[in-house]
Amino acid sequence: MIFSALFNNSDKKFTIKKNVLLLGIIKIFSSLIGFLLVPLVLDYLDANKYGVWLILSSMIGWIGLLDFGIGNGTRNLLGQAFALKDFSSAKKIISTSFALIISISVVLNIIFLIINPFLNWISILNIDLILYKEIKTLIWVIFFLISIRMVTGLILAILYVDHRPVVADLIVLVGNVLSFIGIFILKTSNSLFYIGLSLTFFSTLTPLIASIWFFTNDYKEIAPSFSSIDFSRIKGFLNQGIQFSILQISTLVLTMTDMIIITQLYSPNDVVPYNISYRLFGYVLVLFGVIVAPFWAAFNNEYHNGNFTWIKKSTKKLFYIWSIVSVGVISMILVSDFIYTFWIGEKIVIPYALTIFMGIFVIIQIANTILTTFIYSTGKLTVLTIIGVSIAILNIPLCILLAKNFNLGVTGVIVASIICVLFNSFFASIQYIKIVNKNDRGIWSR
């Protein structure tokens with residue numbers, strides 16, 4: 001059977017441990033590629049151009065989160081179908097999700113085609129006219145490529161539901177390796193266009209090839225088809241999907257808009273130290289994600305089977321690992337100057353206060369990830385959606401207040417993010433306790 005990888009109670013621990021081990025190996029390689037990519041790109045681009053690329057790629061990358069949560073909604077709906085071994089429903093879910101995401105992608109491209117001539121990119125990116133002339137074509141290209149990746153990325157969601165996160169992350173790793181090779185071949189190019197194209201093209205190509213491969217082989221019997229599109233399921237997708245989308249956009253506002261705020265308050269150059277610090281500690285988030293990733297599908301399966309004892313024990317173990325990781329983050333803060341010098345040399349100066357608060361942010365975010373992974377797997381998103389919107393609204397003025405009025409500079413931006421994440425974690429912990437104790441009522445159960 002093509003779904004023999006789905007675990008049962010007897011082999012659940014083995015499956016998760018195996019996935020964590022293999023994911024760890026893949027994530028180490030992915031992190032290494034990302035680690036080497038920063039100084040490589042900095043060798044080809046000056047700090048100003050690199051800052052512009054960081055902002056531009058983040059902004060256009062937002063369209064990947066404008067899928068109305070179809071990707072995450074698909075994971076939960078498929079999880080239920082797989083748990084019941086209802087592969088007929090699985091085919092309908094996949095076909096419908098592809099139909100929805102393709103439609104969204106087409107609409108987004110049409111909207112961008114219409115509004116782009118009216119967008120003042122010079123003001124948005126805080127750049128001069130000469131640099132805009134260099135990147136105006138790149139803006140079109142990466143928007144189109146990322147909208148394609150939004151569609152092909154559904155194969156990654158399916159692999160995660162089928163308890164094959166290793167394969168999903170391997171696909172991403174191959175794209176990163178190809179991007180690295182592409183940039184290395186560019187040698188001394190100082191062109192934002194070619195750097196941006198290389199970083200975007202291969203990350204789009206690999207899931208596209210993977211989709212073709214899996215739907216003609218392993219997942220042939222549940223491959224999307226026009227005849228299996230079930231419009232009656234759209235309401236189910238949108239009910240949960242829109243909440244996921246709001247949560248994603250809220251997270252986006254909390255993280256990605258930081259760079260836009262910095263470039264507007266200061267300059268693209270000031271984005272670079274912030275991003276480098278975020279990347280350094282972000283690797284901890286990535287590696288911890290290796291541990292948490294298999295638990296989404298596992299939590300989903302055990303929640304629908306009513307196995308709350310296993311859920312509580314697993315969450316307790318995750319928080320034990322979190323405490324160890326937190327000690328590691330504190331150690332990174334203490335030796336951060338050495339790490340920065342080894343990594344990027346003396347080109348960019350990273351304020352130590354920025355490093356401290358970035359480390360604190362990551363420690364809190366990891367704890368938050370444990371709680372929200374379980375809540376997301378249950379599909380009870382109303383509370384987190386409300387909180388997500390609240391902190392999204394709060395974050396931007398709070399960033400400006402702390403950076404400008406309290407004279408914290410770029411560091412004030414991450415301090416604002418810490419406050420927002422703490423707010424989210426507080427309510428996530430309450431909902432987690434209510435759900436696992438079967439005491440979720442009213443808004444907490446939706």
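Helices here are DSSP runs of H or I with at least four residues, and strands are runs of E with at least two, numbered from the N terminus. This is a predicted model, in which local features need pLDDT of at least 70 and side-chain atom pairs count only at pLDDT 80 or more, while totals for chains, interfaces and linings use all residues. Residues are numbered from 1 along each chain as its sequence is written, and side-chain values use heavy atoms, with hydrogens and water left out.

**Positive phi angles**

- Lys438 lies in the segment after helix 17 (410–436), and its phi is near 55°, a positive value in a residue other than glycine.
- Lys438 is exposed, at a relative accessible area of 53%; exposed means over 50%, buried under 20% and partly exposed in between, with a 1.4 Å probe and protein chains only.
- Asn126 sits in the loop between helix 5 (121–125) and helix 6 (129–152), and its phi is also positive, near 55°.
- Asn126 has 36% relative accessibility, so it counts as partly exposed.

**Aromatic pairs**

- A pair of aromatic rings is described by the distance of the centres and the angle of the planes.
- The structure holds 18 aromatic pairs; rings of Phe, Tyr and Trp (its six-membered ring) pair if their centres lie within 6.5 Å, and planes under 30 degrees apart count as stacked, over 60 as edge-to-face and the rest as tilted.
- Phe423 and Phe427 form an edge-to-face pair, because their planes are at 75°, with the ring centres 5.3 Å apart.
- These two residues are four apart in helix 17, so about one helical turn separates Phe423 from Phe427.
- Phe423 is partly exposed at 35%, and Phe427 is partly exposed at 22%.
- Phe427 also pairs edge-to-face with Phe426, with centres 5.2 Å apart and planes at 85°.
- Phe426 is partly exposed, at 49% relative accessibility.
- Elsewhere, ring pairs link Phe295, Phe299, Trp310, Phe374 and Tyr432 into a cluster.

**Helix 8 and helix 9**

- Helix 8 (residues 165–186) packs against helix 9 (residues 192–215) at an angle of about 145°, with the axes 8 Å apart; axes are lines fitted to C-alpha atoms over the stretch in contact, and angles run from 0 to 180 degrees between N-to-C directions.
- Contact means heavy atoms within 4.5 Å, and the residues that meet include Val167, Ile171 and Leu186 in helix 8 and Tyr194, Phe202 and Phe214 in helix 9.
- The contact residues divide into 13 nonpolar, six polar and no charged; Ala, Val, Leu, Ile, Met, Phe, Trp, Tyr, Cys and Pro count as nonpolar, Asp, Glu, Lys and Arg as charged, and the others, Gly among them, as polar.
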